[in-house]
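Work through the exercises below with the model open. Try each task before reading its solution.

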Amino acid sequence: MQAHFLAGHRVSPPPHRRSPVSAVLAPPQLRRKVTHSLPPEKAEVFRSLDGWASSNLLPLLKPVEKCWQPMDFLPDPAKPTDEFQHEVRELRARSGELPDEYFVVLVGDMITEEALPTYQTMINTLDGVRDETGASSTPWAVWTRAWTAEENRHGDLLSKYLYLSGKVDMMMVEKTVQYLIGAGMDPGTENNPYLGYIYTSFQERATFISHGNTARLAKNYGDSVLARICGTIAADEKRHETAYTRIVEKLIELDPDGALISIENMMRKRITMPAHLMSDGCDPHLFENFSALAQRLGVYTAGDYADILEFLVGRWKLESVEGLSSAGRRAQEFVCGLPARIRKMQERADERAKTMAPHVVKFSWIFNKDVAL
Ligand SMILES: [Fe+2]
Ligand SMILES: [Fe+2]
C-alpha cells in the first residue's frame with residue numbers, strides 16, 4: 001500500500017482503497033483537537049485594528065445595488081410562458097454540449113458553495129473577531145455578514161442553473177447539500193483568527209482558481225452563459241481573497257513571528273477543501289472521488305495548491321520578513337520551501353498513477369453514470 005507524504009508527515013490511505021490521484025487534495029487525517037489557541041493579549045490586537053478594518057476591509061465589499069444577482073444570468077419566470085420556455089430550451093441546448101464528468105465537478109463546486117452556513121459559523125468561532133450579537137457593528141462582524149451575503153449568491157445561481165439544465169440528479173444533489181451542512185467542517189483553525197484568516201486567504205484563492213477553470217471549460221464546450229456565470233463568481237472570490245490576504249499582511253506587519261508560525265501551522269495541517277465532509281449517503285469515498293476528478297479535469301489540482309502557496313509567499317513577502325525568533329525563522333524556511341516539495345511529491349504521485357489500472361466510479365449526482373478517474 002502506498003503512502004502519501006506531506007510536510008514531513010507519513011500517513012497511510014484508508015484500507016482497501018486505491019490511492020487518490022492527488023497528493024494534497026485527499027481528505028485530512030484525524031487531528032488532535034486544539035481550541036482557543038489565541039492568547040488574550042493577541043485578541044486585543046484585533047480590537048485595536050477596528051479602525052484599520054473599517055478603512056481597509058469594508059471598502060472591498062460591493063453595495064447591494066451594484067452587485068449582480070442570479071437573475072441576471074437565468075431565464076426570467078416573470079416573462080410570458082412561451083418566452084420563459086424558450087429561454088430554458090436555449091439554456092438546455094447550450095448545457096447539452098457539456099460532458100457528464102464536467103457536471104460532476106460543477107455540482108461539487110455548487111455543493112461547496114451551498115454549505116455557506118457552515119463557513120459563516122466557522123468564522124464566528126474565531127476569538128476577537130466573531131459577531132457577538134448576530135448584528136454587531138464591529139467592522140469584523142459587518143465584513144463577515146456582508147461577505148456571507150455576497151457568497152450566498154454563488155450557490156443560488158449555480159443551483160438554479162443546474163436545476164434548469166436537467167443534466168443532474170437534483171434529488172441526490174440536494175441530499176448531499178443537506179448531509180454536508182449537517183456534517184460541518186474542521187479546518188483546524190482552533191478559534192484562532194490568525195489561523196482562520198490564513199485559511200480563508202488560501203480558500204478564496206482556491207475558489208477563484210476553480211471557478212475560473214470551470215468557466216474556461218464551459219467556454220471551450222460552447223456554453224458562453226455558463227462561462228460568464230463561473231467567471232463572475234470567480235471575480236467575487238478574487239475580491240474576497242484581496243480582503244483576507246490584506247488581514248494576514250497586516251498581522252505579519254504587527255506580529256511577524258506569530259503570523260509566520262501560524263502560516264506554518266496551517267500548512268503543516270494542510271489546507272483542506274471546505275466540503276471535505278461531503279456525503280451523498282451512498283459513496284463513502286465521494287469527496288476523494290470528486291477531488292480526483294477535479295484534478296483530472298484540471299479544475300483544482302495539486303499544482304494549483306502549490307501555485308496558491310507560492311502566490312501567498314510572494315503576496316506576503318514571506319522570504320524577506322525580518323526580526324524573527326528561531327521558531328519564526330524555522331517557520332519561514334518551511335513555508336517558503338513547501339511549494340517545491342509539493343510539486344515533487346505530486347510528480348511522484350503522477351508517476352504512480354500511470355502504473356495503475358484505469359479506475360471507474362459512479363456518481364449519484366449524474367444518475368450513477370460511470371466516470372473514469
Ligand atoms: Fe463562493
Ligand atoms: Fe469565497
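Donors are N, O and S atoms within 2.8 Å of the metal (3.2 Å for Na, K and Ca); water is not among the atoms, so sites may look incomplete. This is a predicted model, in which local features need pLDDT of at least 70, side-chain atom pairs count only at pLDDT 80 or more, and totals for chains, interfaces and linings use all residues. Residues are numbered from 1 along each chain as written, chains are lettered from A and ligands numbered from 1 in written order, and side-chain values use heavy atoms, without hydrogens and water.

**Exercise 1.** List the protein donors of the iron ion (ligand 1).

*Solution.* Step 1: collect the atoms. They are Glu113 (OE), Glu113 (OE), Glu151 (OE), His154 (ND1) and Glu237 (OE), at 2.1 to 2.3 Å. Step 2: read the spacing along the chain. It is E-x37-E-x2-H-x82-E.

**Exercise 2.** Find which residue coordinates both iron ions, ligand 1 and ligand 2.

*Solution.* Step 1: the ions lie 3.4 Å apart. Step 2: glutamate 151 coordinates both.

**Exercise 3.** Is glutamate 237 buried or exposed?

*Solution.* Step 1: apply the cut-offs. Buried means under 20% relative accessible area, exposed over 50%, partly exposed in between (1.4 Å probe, protein chains only). Step 2: glutamate 237 has 1% relative accessibility, so this residue counts as buried. Step 3: check its side chain. It makes a polar contact with the side chain of threonine 207 at 3.4 Å. Such a contact is a pair of N or O atoms within 3.5 Å; within protein, one must be able to donate a hydrogen and the other to accept it, and residues adjacent in sequence count only if both atoms are side-chain atoms.
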